[in-house]
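The questions below go through one model, and each is answered from its coordinates.

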Amino acid sequence: MKILMVMHILTHPVHMGNQQRIYRECLYMRQRGWEVDCLYLGKNVDDDLFLTRDFFGKEHFFQYWTESLSIKAQIKQKIRNYIEESGVYRFYSLKYDADEWYLSGLAKKIRYLYEQKKYDVFWFQYMFFSKSLEELEDLPVLKIIDTHDKWANRNRIFQRNGQIPEYYYTTLWGERKALCRADLVIAIQENEARYFERLLKNTDTQVLTIGDLVERRPVSECSTDRYGFIGAKNRPNILGLEWFCNKVLPIVREREPGSQFIIAGAVCDCIPDYDGMCKIGRVDCLEDFYDNIKVAVNPIQNGTGLNIKTIEALAFGRPLITTSVGAKGIRSEKEVLLKTDSPQDFAEKLLDLLKNEERRNFLVENANDYIIEYNKKNMGTLYRVEGLLSDRQIKVM
């Protein structure tokens, strides 16, 4: 099976959650024997681009970009800038149209590649460029949109917390318009799959769930009272760490002054120093981080989608404490993590885990079982794409 992966972000270096998701998807596809090409929608010409190109292979990596931006989009961007600068964002935000980020000429580029390679699947990472699928309807190709997240009314999450709405957000109608162009929509977790099913009711678009295809890599037990968080430089991570450092860390330090909070990743650049904290920056190997903490924490306060750092901690065999937002999408009859939104309770749970080896082992054992079943389910869903492709080919014939 030949797949054209259409995406506007680079997979390497693999530091952010969405990069990890795409990287792992492509890795498992290759293991399945599928041929995966990448069409990168960006103008980068740097080390990150070359790393991504090396991952896919020069003969499987293509790039497309156009600077063209409609007058309407330029005017809207100026209005959005004014809204943010004036503080109006607390009450009002100007949503993107479904195709606001579309690159003119993209469909022509994809068609050209199809004529050369005869792909079986167009796999779009994110819905932002789905307009091209309208111009490619005549091609006998399975058209897939991997959503990564819900984008309708996403601005409200930020507004509830008094924050500037960032990145992309649209209307319910806009999200439906973008997604119904695909034969298959992939949700990152089951709650969002149900949302997309309701949104796409009475259309021919199917919905499947594929979470993060993680590799189970339990690390050895850490002997010191270290706990930690690793994450990229994005707003949810920064706000979550600020909440933890201001409300949870002081309680832990007062009770266990010898304990140490380890922070890794680019998020270190945005967090001031606190007593009892050690910032180690980016790590080349995730094992280097997880091998040096006894307990993982994920204090994220807002967001949608699937929190990949939660899945990652479970896959590395670390007992985890997180918030209700961080635990979103994790469904198990067994206790695989600890969840709380109370700073005091968060601190109490963390202190207990640092000292209670039996409790840690119990959570790790349950998490291992969960990850095994989680991966089986995700892989099974990924393989169903082959079945959908076969059904489509039969209909076309």
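## Burial, cores and cavities

Q: Is Asn 368 buried or exposed?
A: In this predicted model, the relative accessible area of Asn 368 is 13%. The limit for burial is under 20%. Because 13% falls under that limit, Asn 368 is buried.

Q: In which helix is Asn 368 found, and with which residues is it in contact, leaving aside its neighbours within four places in sequence?
A: Asn 368 belongs to helix H13. Leaving aside neighbours within four places in sequence, the contacts of Asn 368 are Arg 216, Pro 218, Leu 314 and Gly 317.

Q: How many residues of helix H11 are buried?
A: Helix H11 covers residues 308–315 and is mostly covered. Its buried residues include Lys 309 and Glu 312 as well as Ile 308, Ile 311 and Leu 314.

Q: Which residue with a positive phi follows H11?
A: The phi in question is near 70°. The residue that follows H11 with this value is Gly 317.

Q: Which residues touch the most other members of the largest nonpolar core?
A: In soluble globular proteins, nonpolar side chains tend to be buried together. Here the largest nonpolar core has 72 residues. Those that touch the most other members are Leu 39, Leu 106, Ile 110, Phe 122, Trp 123 and Leu 382.

Q: Which charged residues does Trp 123 touch, not counting residues up to four places away in sequence?
A: Not counting residues up to four places away in sequence, Trp 123 touches residues including Ile 3, Met 29, Ile 144 and Leu 382. Asp and Glu count as charged.

Q: Which helix gives the largest share of the lining of the second largest pocket?
A: The second largest pocket has a volume of about 360 Å³. Of the 19 residues lining it, the closest to its centre are Glu 190, Arg 331, Tyr 370, Tyr 374 and Lys 377. By class, the lining divides into five nonpolar, seven polar and seven charged residues. The largest share, seven residues, comes from helix H13.

Q: Which elements give two or more residues to the lining of the largest cavity?
A: The count of cavities of 30 Å³ or more is two, and the largest holds about 60 Å³ of space. Among the residues lining the largest cavity are Phe 229, Tyr 290, Val 297 and Ala 313. By class, this lining has eight nonpolar, two polar and one charged residues. The elements giving two or more residues are strand S8, helix H10, strand S11 and H11.

Q: How much space lies in the second largest cavity?
A: Its lining is formed by Arg 80, Ile 83, Glu 84, Tyr 89, Ser 93, Leu 94, Pro 165 and Tyr 169. By class these are five nonpolar, one polar and two charged residues. The space in the second largest cavity is about 40 Å³.

Q: How many disulfides are found in the whole structure?
A: A disulfide needs two cysteine sulfur atoms within 2.5 Å. For Cys 245, the nearest cysteine sulfur is that of Cys 268, 10 Å away, so Cys 245 is in no disulfide. For Cys 268, the nearest is that of Cys 278, 8.6 Å away, so Cys 268 is in none either. Over the whole structure, the number of disulfides is zero.

Q: Which peptide bond is cis, with omega near -5°?
A: Most residues other than glycine have a negative phi, and most peptide bonds are trans. Pro 13 lies in the loop between strand S1 and helix H1. The cis bond runs from His 12 to Pro 13.

Q: Is His 148 buried or exposed, and is Asn 202 buried or exposed?
A: Neither residue is a glycine, yet His 148 has a positive phi of about 70°, and Asn 202 also has a positive phi of about 70°. His 148 is in the loop between strand S5 and helix H6, while Asn 202 is in the loop between helix H8 and strand S7. With a relative accessibility of 7%, His 148 is buried; at 74%, Asn 202 is exposed.

Conventions
Residues are numbered from 1 along each chain as its sequence is written. This is a predicted model: local features need pLDDT of at least 70, side-chain atom pairs count only at pLDDT 80 or more; totals for chains, interfaces and linings use all residues. Side-chain values use heavy atoms; hydrogens and water are left out. A nonpolar core is a set of buried Ala, Val, Leu, Ile, Met, Phe, Trp, Tyr and Cys residues joined through side-chain atoms within 4.5 Å. Buried means under 20% relative accessible area, exposed over 50%, partly exposed in between (1.4 Å probe, protein chains only). Contact means heavy atoms within 4.5 Å. On a 1 Å grid over the protein atoms alone, a cavity is a set of points where a 1.4 Å probe fits but cannot get out, and a pocket is an open set with protein on both sides within 12 Å along at least five of seven lines; lining residues have an atom within 4 Å of a point. Grid points are joined across faces, edges and corners, and a volume is the space filled by probe spheres set on the points.
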